[in-house]
Amino acid sequence: NAGTEADVYISVYGERGDTGSRQLLRSQKSKKFLKGQTDIFALEAVHLGCLYKIVIGHNGLGSGNGWFLDKVVIKDPITDLDYTFLCHRWLDQGQDDGNISRELPVTHPSTFPGRQELELKREKTWAAEKWKFRKGITLQFYNRVTRGFICLYPDSRVDALGDKKNKYGKVFPMWMHV
């Protein structure tokens with residue numbers, strides 16, 4: 001339920017003014033604002049110079065209008081710069097702080113060096129590894145000190161004794177070429 005069917009509006013602010021409130025109408029996707037989806041919109045406006053904030057929100061109408069927004073990236077076609085506005089919060093009257101709009105400052109790459117790349121890597125890693133954390137899965141880690149396996153069981157028990165005879169545990173040798 002992280003997507004929304006409500007009408008979404010954005011105002012973009014730069015050193016030369018702002019766009020005013022604009023509804024995001026036509027995504028390049030057939031259905032917009034779905035969970036896990038990246039929507040792309042074209043927004044016509046005069047060049048605003050360096051961007052410093054956006055205000056984004058929705059009208060709160062429609063079934064399932066609450067929305068979880070990860071981030072907004074604005075690509076400036078004049079300067080070829082990307083401006084990132086991190087949110088990672090709900091815009092929902094029944095979630096978080098109850099606000100359906102957010103004012104988001106620009107995230108400067110100089111303030112958070114490599115943050116966008118790290119976030120992308122985190123998302124890709126979680127997509128590949130999240131199956132391990134499903135209900136009912138037992139996790140095992142090899143302890144080099146005890147040379148045994150530490151088990152985290154689905155019922156929250158932890159076997160940290162380092163059982164060397166665990167029939168499910170196997171150490172796979174790994175080589176790295178740097």
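**Close-up 1. Lys53 (K53) within strand β4 of the predicted model.** In this predicted model, K53 lies in strand β4, which spans residues 51–58. K53 has a relative accessible area of 19% and is counted as buried because the cut-off for that class is under 20%. The side chain of K53 is joined to that of E103 by a polar contact of 3.4 Å.

**Close-up 2. The largest nonpolar core.** This core comprises 19 residues, and those with the most contacts inside it are I54, I56, L69, V72 and F85. At least two core residues are supplied by each of β1 (8–14), β4, β5 (67–76) and β6 (81–91).

**Close-up 3. Surroundings of V72, a residue of the largest nonpolar core.** Apart from neighbours within four places in sequence, V72 is in contact with I10, I54, I56, Y83, T84 and F85; among them, I54, I56 and F85 are, like V72 itself, listed with the residues that have the most contacts inside the core.

**Close-up 4. The cysteines C50 and C87.** C50 is partly exposed, with a relative accessibility of 43%, whereas C87 is buried, at 10%. A disulfide is a covalent bond between the sulfur atoms of two cysteines; the count of disulfides in this model comes to zero.

Terms used. Residues are numbered from 1 along each chain as its sequence is written. This is a predicted model: local features need pLDDT of at least 70, side-chain atom pairs count only at pLDDT 80 or more; totals for chains, interfaces and linings use all residues. Side-chain values use heavy atoms; hydrogens and water are left out. Helices (H or I, at least four residues) and strands (E, at least two) are DSSP runs, numbered from the N terminus. Buried means under 20% relative accessible area, exposed over 50%, partly exposed in between (1.4 Å probe, protein chains only). A polar contact is a pair of N or O atoms within 3.5 Å; within protein, one must be able to donate a hydrogen and the other to accept it, and residues adjacent in sequence count only if both atoms are side-chain atoms. A nonpolar core is a set of buried Ala, Val, Leu, Ile, Met, Phe, Trp, Tyr and Cys residues joined through side-chain atoms within 4.5 Å. Contact means heavy atoms within 4.5 Å. A disulfide is a pair of cysteine sulfur atoms within 2.5 Å.
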